[in-house]
Amino acid sequence: MKNKRFKWSNLYLIAVFVVLYSPIAFLIFYSFNDGGTMNSFTGFTLDNYIAVFEDTRLIGIVLDTLLIALLSSLLATIIGTFGAIGIYFLKKRKTRNAVLSFNNILLVSPDVIIGASFLILFTFIGFRLGFISVLLSHVAFSIPIVVLMILPKLQEMNDTMLKAARDLGANTWQVMGKIVLPSIAPGILAGYFMAFTYSLDDFAVTFFVTGNGFTTLAVEIYSRARQGVSLEINALSALLFIFALILVIGYYFIQQHNMTKKQKNKKQQHAEAVGMR
Amino acid sequence: MTKKANVFYFIPYTFWLLLFVAAPLILIVYQSFFNVDGQFTLGNYQTYFQSGTYLRMTLNSFWYAFLITIFTLFISYPTAYLLSKTKHKQLWLLLIILPTWINLLLKAYAFIGIFSANGTVNDFLSFVGIGRQQILFTDLSFLVVATYIQIPFMILPIFNALEEMNPSFIRASRDLGANSFETFKRVVFPLTLNGVKSGVQAVFIPSLSLFMLTRLIGGNRVITLGTAIEQHFLVTQNWGMGSTIGVVLIIAMILIMLFTGEKKKKGAVRK
């Protein structure tokens, strides 16, 4: 009986996985269609992929999107790391909680609100919309996620090490470089990674602050999809899927690395506790 | 010594807080008091609360977000539950998350093909004898696609809550004679309620603002608060009215956060 129930539950899980993946499989399947529609598969072709690589405008947009993602996540990680360290050292609990709530505002706000309010901000200070406005917006909404990735690592850090380092005569920069940064490095890496994917994925905020001259991939897909089906997008989505897969595998390894470290620490602490007894 | 350094590297972060968190919020509230011609007025709020259209749209928007949340919850809870019982659950979880890394617009675009007049679903419907239906550009298609997109965001917090749960509670409840259903109702579900709450938070608020889906899939039939804001900002250029709706959305968001907040736990985590 137990066996049977187990099978049923697996069936449900499989159904959910099928539902989650079928649109993506659908897109990739039709990317090889030479019929030009997503309705009937008339024959296998790689023309759509060739079209993607020959479309210099599209390639340019892809490169711009990547550039925005790389730059914005880098800037967000730098500012966010300093921010997280600053929050950690805030002495008053009330202030710390207030800063943290402020930090989280952009995480919980709907994209539309972020986009609209950034648009008002840029026009208010007379900033021209384009590459820089998109970059600044992406930095802005990536910072809170970086902070949230790093804070737990700071809390895991052993406080006494800081004191010990100071007692041994280390200055602030030595404490930072030799103790704080190494112990939060996995958090920084994860934060950079999340910021990068946030930036790649964003549509709504970018849509508000792009202006006329500049687009990212998501905005371009939106305008093309509104005009109807073009299999070039399918081919592009297949390529993006592979890219996402690589990113996810990378993320998995970062996670795994973090985990093993944590587990190791736990093990060590346990061993110490046992040894003390 | 450290204090000075603290202040130094805290500057860019504080600058960010002021310029990109506080200022935009203040500006959106400020903008909501101006009409199209740039004159100070309370007219936007008056229009909003007096016209049936805006109120109906808000209500509609909430209703759709509510439906999307309920659907995702019903699909996601069992998934998260079963997922937490599998071997290699981290790997399976990763596979659940993977589709969220594909751009939302690509997934919406896929559904254009699946739901279109000669698309896969219609082929199936005509095959089983129901005949072709108009699926794309209906409320139903919007609900289906929105639910599809939100499922992983609901599974994740529920899964985490299930993982955090102490398994000895379940054993205890079994030992005390409760059957599976009672164990679930009295032990598992209450203990994972926080996960459900954060899932609801993660799904409901974004569902109010899915303007690209209403355009691509809903065929402008469904108008959410997000659609209205986008329309006012980028099409009709009536920023005042757009900001007013934005302020309404922000207030709605705060209310939802208050209802689903888990204050006790937060205090416990950040000592």
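This is a predicted model: local features need pLDDT of at least 70, side-chain atom pairs count only at pLDDT 80 or more; totals for chains, interfaces and linings use all residues.
**Entry 1: annotated regions, chain A**

I began with the UniProt record for chain A. Its unreviewed entry gives "domain: ABC transmembrane type-1" for residues 62–254. I checked the secondary structure over that range. Residues 62–254 of chain A are 85% helix and 0% strand.

Residues 12–32 of chain A come out as 90% helix and 0% strand, with end C-alpha atoms 30 Å apart. For residues 175–197 of chain A I got 100% helix, 0% strand and an end-to-end C-alpha distance of 31 Å.

**Entry 2: annotated region, chain B**

I then turned to chain B. UniProt, again in an unreviewed entry, places "domain: ABC transmembrane type-1" at residues 58–260. Over this range chain B is 77% helix and 0% strand. The end C-alpha atoms of residues 58–260 of chain B are 20 Å apart.

**Entry 3: the loop between H1 and H2 of chain A**

I picked Met38(A) next. Met38(A) sits in the loop between helix H1 (2–30) and helix H2 (47–54) of chain A. Is Met38(A) buried or exposed? Its relative accessibility is 2%, so I logged Met38(A) as buried. I listed its contacts, leaving out neighbours within four places in sequence. In chain A, Met38(A) is in contact with Phe26(A), Leu27(A), Tyr30(A), Val229(A), Leu231(A) and Asn234(A). From chain B, Tyr109(B) and Gly113(B) are in contact with Met38(A). I also took a distance: Met38(A) and Trp8(A) are 30 residues apart in sequence and 33 Å apart in space, C-alpha to C-alpha.

Asn39(A) is in the loop between H1 and H2 of chain A too. I found a relative accessible area of 24% for Asn39(A), so this residue counts as partly exposed. Which residues does Asn39(A) touch, not counting those up to four places away in sequence? The list is Tyr30(A), Gly113(B), Ser116(B), Asn118(B), Gly119(B) and Asp123(B). Between Asn39(A) and Lys7(A) there are 34 Å from C-alpha to C-alpha, at 32 residues apart in sequence.

**Entry 4: Ile28(A) in H1**

I moved to helix H1 of chain A, where Ile28(A) is found. With a relative accessible area of 21%, Ile28(A) is partly exposed. Ile28(A) touches Ala238(A) and Phe241(A), with residues up to four places away in sequence not counted. I compared sequence and space for one pair. Ile28(A) and Ile233(A) are 205 residues apart in sequence, yet 9.7 Å apart in space, C-alpha to C-alpha.

**Entry 5: helix H7 of chain B**

I checked H7 of chain B for length and bend. Helix H7 (residues 139–164) of chain B has 26 residues. From its first C-alpha to its last, H7 of chain B reaches 38 Å, close to the 38 Å expected at 1.5 Å a residue. Where does H7(B) have a kink? I found the kink at Gln150(B), about 40°, shortly before the proline Pro152(B).

**Entry 6: positive phi in chain B**

I noted two residues other than glycine with positive phi. For His88(B) phi is near 50°. His88(B) lies in the loop between helix H3 (52–83) and helix H4 (89–97) of chain B. Its relative accessibility is 60%, so His88(B) counts as exposed.

For Gln237(B) phi is near 60°. Gln237(B) is in the loop between helix H12 (225–235) and H13 of chain B. I have Gln237(B) down as partly exposed, at 48% relative accessible area.

**Entry 7: Thr244(B) in H13**

Thr244(B) is in helix H13 (residues 239–260) of chain B. At 0% relative accessible area, Thr244(B) is buried. Not counting residues up to four places away in sequence, Thr244(B) touches Ser32(B), Asn44(B), Tyr45(B) and Tyr48(B).

**Entry 8: cavities**

How many cavities of 30 Å³ or more does the structure hold? I counted three. The largest cavity has about 80 Å³ of space. From chain A, its lining has Ile105(A), Leu106(A), Ser109(A), Ile113(A), Ile114(A), Ser117(A) and Phe118(A). From chain B come Phe20(B), Val21(B), Pro24(B), Leu25(B) and Ile28(B). Helix H4 (93–108) and helix H5 (111–124) of chain A, and helix H1 (2–31) of chain B, each supply at least two lining residues. H1(B) gives the largest share, five residues.

Terms used:
Residues are numbered from 1 along each chain as its sequence is written. Chains are lettered from A and ligands numbered from 1 in the order in which they are written. Side-chain values use heavy atoms; hydrogens and water are left out. Helices (H or I, at least four residues) and strands (E, at least two) are DSSP runs, numbered from the N terminus. Buried means under 20% relative accessible area, exposed over 50%, partly exposed in between (1.4 Å probe, protein chains only). Contact means heavy atoms within 4.5 Å. UniProt positions are given in the numbering used here, feature names are shortened, and annotations may be inferred rather than shown by experiment. The expected span of a helix is 1.5 Å times one less than its number of residues. The bend at a residue is the angle between axes fitted to the seven residues ending there and the seven starting there. On a 1 Å grid over the protein atoms alone, a cavity is a set of points where a 1.4 Å probe fits but cannot get out, and a pocket is an open set with protein on both sides within 12 Å along at least five of seven lines; lining residues have an atom within 4 Å of a point. Grid points are joined across faces, edges and corners, and a volume is the space filled by probe spheres set on the points.
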